[in-house]
Amino acid sequence: MNRMPVHLQHLGYADEQLQQVTGLLACREAQASTLLALFGEPEHYSYPSIFIYGHRASGKSHVVLTLLKELKMPHVVVNCIECVSPGLLFERMLLSLFGTLTMPLPRGPSLSDFVRLYQQLCSEQPATQTRYIVLDHAEFLRDMSTNLLPGFLRLQELVEDNVTVIFLSKIVWDKFRPNSGCFEPLLLHFPDYSKAELQQILAQESHPSYSPELYSSYISILLGVFYSVCRDLRELRHLAALNFSKFCEPLEKGEAKEGDTHKLWRNIEPHLKKAMQTVYLREVSSAQWEEQQQKEEEEVRELQGLSAYTHMELPYYSKFLLIAAYLASYNPARTDRRFFLKHHGKIKKTNFLKKHEKTSNHLLGPKPFPLDRLLAIFYSVVDSRVAPTASIFSQISTLVTLQLLTQVGHDDQLDAPKYKCAVSLAFIRAISRTVGFDVIRYLYDFL
Amino acid sequence: MTTSSVSKGCFVFKPVVKKKRKILGAEDYFVDGSDDVENGKLRFQLCQSLWQKMKEDIECMQEDLNKKMLDGFLEFIRKSAASFWSRGDSWTSQMRANEIPTAALVLGVNMPDHSITFESMIVQLQASLTPFIVSVQAKECGALKQLMQKVLQRLMGTNITVDEDEAETELGVHNNELPQKRVNCSLDALCDWYRTATKKPSGKSPRKRRSCSQSEFPQGPPVVVIFRDLEAFSPQVLQDFILICSQYVQQVPLVFVFGIATSPSTIQRMLPHSVSSLLCIELFQSLSCTQHLATIIDKLVLTSKFPFKISAKVLQVLVGIFLYHDFSVCNFLKGLQLSMLDHFHSQPLSMLCCQKQDALLHAQQLSHQDVERIRQLPSFMRYVEKQEPEKQVQLLTSDERVKEVCQKLLKDLRSYHKNFYPVLRCLHVLTSILPKYPLGKQIRELYVLCLEKNVWETQEYESAMQLIRMLAKDALVTSLQKCVDILKCCKSKKLKEEGQQLQGLTATFQKLDSKIIPVDSKYVSMVNNHFLTLLAMKECRRTRRKTPYEILRNHVVDYIDSLVKTHLCLPESQPLYEVWYYSSSGTVRRHLNATPRTSIQTALSNPYCYLQNEALKNESGVISSTAPDICIIYKLHLECGRLINLYDWLEAYITVATAAEGKDLSAMEGGKVDKLKHARFIRGVSELEFLGFVKSTRKKTDHVARLTWGGC
């Protein structure tokens, strides 16, 4: 379905300029024209704050930046992740809006410092056009001081200047709204690209040495495989680049012509399927993937993905400590007597197997346990006599650093620390197999 | 300090100039307390030089071991830097998302050991690729701010302001070393800095990256950020940092290095797909630590190069600590160094434990006291007993005679070791192909066995020999060939001859007709299944006529057996073995694998052990009133349950304490508690609390909870 390209129309800007912009904003004409309408003519005041949201790679920053740049509006773009302190944020804005700072920001500036300085600089260089401040990754603003977001929302009012703040975020506005209420920005949603739109955008960037039609057919094959798992434009473009050389291989060798779509499809499809399981998940890095493609079919050895390397070597007692921690995490404490005492006497079966506890421990996840219990279980599962040496205790903290155990609550070592075991059942089974310990027999859930 | 002033205020006290105390060196501590200072100093020097030699060997070896991984790593960095500068040329690289090249180094679970690898990696990088290397550790980067600050500060060598309040406090510290330039903590600043640093020759700015000139490096050296302990980083910080860096990857050739202790899947656990898709991860696996240890033992212990030897017990302790506790090669080497130091410290005759010429020289210069010490060595006494009567008299009376014999014995000891290790290796080559490894899979197990008793007297040896007698031709011949190679390489003439003979035998194997072989190979394949049936088969085969191969094989096995019997006898049987061998495994264990809790409990329950005061000596179970307060309080608390009533405890304490003074108990009957005793009690309890035996509890205010279990 070929949509008629919507022509942007605006009184404030020349027609050919707008035409050029339209060419750059494929499939986002509607949003662009809404934005332009909101911006109004260059000298007019615009709405104080605009909040744009949409998924990753849905063209938010692309549209806003292209408009601002191509139509030469004064603007500043600040990435909020980077600004580890508000001072940094303010300084960037002022620097790129006004060039130089006549007076430096004070130490640890607050919003009012920023406003004061802005007003000062603004009085020297009054705005002839609307100034735009674009805050990318605006969700990080929420983690900064609480008055920042409401302040920026009504910045126009505070500094009494022709300024508009544009927020770009992946998160909906509802998650931003402070409890105390604030000035409501205009919301603009960028929906995900549809399959046809993706096809259209991707096909624009065809390889210079092949015909656009060929590339377009390649893209449709690619989308056929990947569209179900990935709609991220950036990722798709990356994958297209990675696999295109493989697609062209029959053409290079002269085995097929550009018209043999079926042949080309048969050649590339299994390859793309493999890519979906490896390089798309970053199991195999893209550099390794490319390298592998260049090799001949025969010598390609199976590249092992990252998750294939789960094997881990641990010292003997660390393994047992980990096993003990696992048992302590997933067994109810009252069952310890049954598992670890030789002569535990009679425990009533009905009492022991409580219905609601059964099978639920693994679904509920690990429970915290005190150090005493860990050591008690450790001493009963390890087969030899172990002296309580310093290195046993240091192994526990090593396991914590390796994130195989996690410490719960306060980290006061004297006051009976508590831990949780953070490894999976499969992992602990592999570990216990190496030391010849049948962990399943000691787990309450599997009784 | 006091002043004569009557008013309140601040007073300046100038430090009193103290006379400079002589700073004691290691040597002074070494000879401290020994009667023969000169001898001590000599031993100290011997020890130092020997360790120095060992250390050089170790460093060489570790470089070799890491070489493969490091070469791959350097190649990766080089390639990624090159691809950064060539990007933009082709269509593919324009289309590709900007990924940060990342090397994931899997280094094994012992993290302190990683520092060797990282150090040598940084040195190599600096030597050939880039001067811009930062290494960060998780503990210094709790938040994104600090991580950014650390990275920028270390790269640019300037003070970075993050939060102005923090900067102010740090100002004083950095003032002297770093030029005061206010740089914002952002990667923008880094990009600017990188542009100027790579453009200008470094001569212009005096404080830029050492003295090495930029021209040594390829154009546009990459900026390498090393995360030493990936697991310990907070995932959020790492994610944000990667997100930020990915924005700048067009401008600066960034390369990340992740030091991973566990497994590469940690990366996927820590980073969501949206972040890990910004990285182009390549994996590098280091040598496993057990292999590393095996090489170390092979090069340091199983060699006649170094005269210092450790006994089976000590070796077992060290290997045990390694395998059971820490997997740390560094600790193993530290243990080796410790035992060496202790050997030279505690054994006065260890001055003979050095290279051949020196040892002979020292033997000539033995003092009378040392000669007496030699006479008292058990191994020397055994040697004397074996001599003829008149020689015995000579050895016991004449110092000169002892010195002469001593030189001869030292030479013998040396040649014994020269033969010992090659034969040990041969035996290991032959037995390590046997099913179930009767003599151990690793050569160190066999070595320990040989150090403990005469190996040919053991059951395992016998079964191993039986199994060798059943080996198929090709397996036997290949391992025999290996043995020949080992024997030929060694210095000792005698063994070289043996090697020749063995080669002759091996050659005759090859001449044999190959038709007979299949029978045997069938047996060997069965060995894996059933050892007993095999023995039975052997039994029935005995009745049958032997093939030439079997005859020859038996011959070879007998030959090996005789080789073992002549060369692998116990080191203890060698006179003067105490000079070379260090055997106090208890000391090593106490020092390396300390048991603080046991020590504390011993100190509390049996104070005599540490205080050595006769008055404290008593049978266990009785609470001695003369013991220190804390011991009494500790013993009393052992009798209590989970919760201890403080008042009861105090009363019990006072009863014991007053008994010590010999006063009548009725003195305190009035219900009043002696204030002094009360104070002593409270101090004792708080000391116990500090040691972690009790803690206050919210359940009952006048009670404390016990943190240990078990009574007296």
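Two strands are said to pair if DSSP finds at least two bridges between them. Helices (H or I, at least four residues) and strands (E, at least two) are DSSP runs, numbered from the N terminus.

This is a predicted model, in which local features need pLDDT of at least 70 and side-chain atom pairs count only at pLDDT 80 or more, while totals for chains, interfaces and linings use all residues. Residues are numbered from 1 along each chain as its sequence is written, chains are lettered from A and ligands numbered from 1 in the order in which they are written, and side-chain values use heavy atoms, with hydrogens and water left out.

**The sheet of chain B**

In chain B, five strands form an open sheet in the order 2-5-6-1-7, and the pairing is parallel. Strand 2 (133-136) and strand 7 of chain B stand at the edges with a single partner strand each, so one side of each has no neighbour in the sheet. From one strand to the next the twist averages 20° (axes are lines fitted to C-alpha atoms, and angles run from 0 to 180 degrees between N-to-C directions). The table lists pairings within this sheet.

| Strands of chain B | Bridges | Bridge partners |
|---|---|---|
| Strand 1 and strand 7 (residues 279-285) | seven bridges | B:Ile100 and B:Leu279 |
| Strand 2 and strand 5 (residues 223-227) | four bridges | B:Val134 and B:Val225 |

Strand 1 (residues 100-106) of chain B is mostly covered, seven of its seven residues being buried (under 20% relative accessible area, with a 1.4 Å probe and protein chains only). In a regular strand the side chains alternate between the two faces of the sheet. From strand 1 of chain B, B:Ile100, B:Thr102, B:Ala104 and B:Val106 point one way, and B:Pro101, B:Ala103 and B:Leu105 point the other way.

**The interface of chains A and B**

Contact (heavy atoms within 4.5 Å) links 62 residues of chain A with 65 residues of chain B. The two chains bury about 5600 Å² between them, 59% of it on carbon and sulfur atoms; buried area is the accessible area (1.4 Å probe) that two parts lose on being put together, summed over both.

One salt bridge is counted between chain A and chain B, a salt bridge being a side-chain nitrogen of Lys or Arg within 4 Å of a carboxyl oxygen of Asp or Glu. A:Arg92 forms a salt bridge with B:Asp188, with the closest N and O atoms 3.5 Å apart. Among the elements that give two or more residues to the side of chain A that touches chain B are helix 4 (86-98) and helix 10 (233-253) of chain A. Helix 10 of chain A provides the largest share of that side, seven residues.

How values were computed
Buried < 20%, exposed > 50% of the residue type's maximum accessible area, 1.4 Å probe, protein only.
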